[in-house]
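Q: I would like to learn how to read a structure like this one. Please take me through it feature by feature.

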Amino acid sequence: MRQKFNKLATKSFFDEKNTYLKPEILSINKEKCILEIGSGKGKFITEFALKYPNVTFVAVEMNRHVAYHILKKVKEKNISNLHLIVDSAKNLIYYLNEKTVSSIYLNFSDPWPKKKHHKRRLTHPNYLKIYKTILKRNGKIFFRTDQKEFYFDSSLYLQSYFEKISYNQNSLSLPIISEYELKKRKLGPIYSIEAEGINE
Ligand SMILES: C[S@@+](CC[C@H](N)C(=O)[O-])C[C@H]1O[C@@H](n2cnc3c(N)ncnc32)[C@H](O)[C@@H]1O
């Protein structure tokens with residue numbers, strides 16, 4: 001997502017409870033913890049958090065100028081069960097204890113079509129190794145994209161890490177829908193993968 005410089009995304013704007021610009025272990029005191037990585041402007045995760053106040057949500061967005069919009073929504077809607085990490089997913093082990101996360105949502109992650117950039121994909125094995133550390137044993141990954149090749153490659157990556165996988169090449173809309181899905185759904189099919197149960 002290309003995002004212009006946002007002069008309002010200052011360090012002091014992010015100086016809030018439950019908001020992290022540098023590594024610190026989060027205290028997750030609820031049984032269920034749901035993570036979204038690459039949250040963009042946060043439509044999906046903020047609506048999810050409002051709907052389930054007894055669940056802890058964590059939004060991970062490495063672009064501060066984009067993450068600004070997540071925190072803006074959190075402040076405006078007074079959402080208290082959502083943590084915001086403004087950092088790359090590659091540093092997640094410095095924020096989350098092992099086996100604390102119930103589910104990870106990857107909504108319309110950047111597809112990085114060129115082979116030399118595949119390592120940057122949020123479903124690449126380099127990231128799956130990190131997710132394996134923080135996910136609970138029966139943890140799940142929910143992946144959605146409009147990019148067919150990214151979907152097929154991701155299904156291969158996920159296969160060797162999870163016991164149960166389901167695939168869908170024409171996913172219906174969910175009750176909560178991300179900003180990207182709102183746009184992409186009008187243009188063609190949405191592909192999704194659900195993976196569950198980490199292979200130890
Ligand atoms: C294409 S946008 C999708 C936004 C949102 N999930 C949606 O569906 O509307 C992808 C977002 O992932 C973020 N991102 C990409 N790589 C990331 C990483 N390694 N860690 C955290 N965020 C990342 C980008 O900054 C961008 O905002």
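Q: Which residues have the most contacts inside the largest nonpolar core?
A: In soluble globular proteins, nonpolar side chains tend to be buried together. Here the largest nonpolar core has 45 residues. Leu35, Phe57, Ala59, Val60, Leu82, Leu84 and Ile104 have the most contacts inside it. Helix α2 (residues 64-77) supplies the largest share of this core, six residues. A nonpolar core is a set of buried Ala, Val, Leu, Ile, Met, Phe, Trp, Tyr and Cys residues joined through C-beta atoms within 7 Å. A residue is buried if 20 or more other C-beta atoms lie within 10 Å of its own, exposed if 12 or fewer, and partly exposed in between; C-beta atoms are placed from the backbone.

Q: What should I know about the model and its numbering?
A: The model is predicted; local features need pLDDT of at least 70, side-chain atom pairs count only at pLDDT 80 or more, and totals for chains, interfaces and linings use all residues. Residues are numbered from 1 along each chain as its sequence is written.

Q: Which residues does leucine 82 touch?
A: Two residues are in contact if their C-beta atoms, placed from the backbone, lie within 7 Å. Leucine 82 touches Asn18, Ile45, Thr46, Ala49, Phe57, Ala59 and Val74, leaving out residues up to four places away in sequence.

Q: How many helices and strands does the protein chain have?
A: Five helices and eight strands. Helices (H or I, at least four residues) and strands (E, at least two) are DSSP runs, numbered from the N terminus. Along the sequence the pattern is β-β-α-β-α-β-β-α-β-α-β-α-β. The radius of gyration (taken over C-alpha atoms) is 16 Å. The globule rule (2.2 Å times the number of residues to the power 0.38) gives 16 Å for 200 residues, so the chain is as compact as a globular protein of that length. Buried residues make up 38% of the 200 residues.

Q: Which residues of helix α1 are buried?
A: An α-helix has 3.6 residues a turn, so residues three or four places apart point the same way. In helix α1 (residues 43-51), the buried residues are Lys43, Phe44, Ile45, Thr46, Phe48 and Ala49. They pack against β2 (33-37), β3 (56-60), α2, β4 (82-85), β5 (101-107) and α5.

Q: In what order do the strands form the sheet?
A: Strands of a sheet pair through backbone hydrogen bonds, either parallel or antiparallel. Two strands count as paired if DSSP finds at least two bridges between them. Here eight strands form an open sheet in the order β1-β4-β3-β2-β5-β6-β8-β7, with mixed pairing. The edge strands, β1 (19-20) and β7 (162-168), each pair on one side only.

Q: Which residues stand opposite each other in those pairs?
A: Take β4 to begin with. β1 and β4 run parallel over two bridges, and threonine 19 stands opposite leucine 84. Four bridges join β3 to β4, also in the parallel sense; there alanine 59 has leucine 84 as its bridge partner. Now β5. Three bridges join it to β2, in parallel, with isoleucine 34 opposite serine 103. β5 and β6 (residues 135-145) pair parallel over six bridges; valine 101 stands opposite leucine 135.

Q: Which residues of β4 are buried on each face?
A: In a regular strand the side chains alternate between the two faces of the sheet. In β4, Leu82 and Leu84 are buried on one side, His83 and Ile85 on the other. As for β5, five of its seven residues are buried, so β5 is largely enclosed by the rest of the structure.

Q: What is the phi of phenylalanine 108?
A: Most residues other than glycine have a negative phi, and most peptide bonds are trans. Phenylalanine 108 has a positive phi of about 55°. It is in the loop between β5 and α3 (125-134). With 22 C-beta neighbours inside 10 Å, phenylalanine 108 is buried. Asparagine 18 also has a positive phi, about 65°. That residue is in the segment before β1.

Q: Which residues are closest to the ligand?
A: A residue is near a molecule if its C-beta atom, placed from the backbone, lies within 6 Å of it. The ligand is surrounded by 22 residues, and the closest are Gly38, Gly40, Phe108, Ser178 and Tyr180. Helix α5 (residues 179-184) gives the most to this shell, with three residues.
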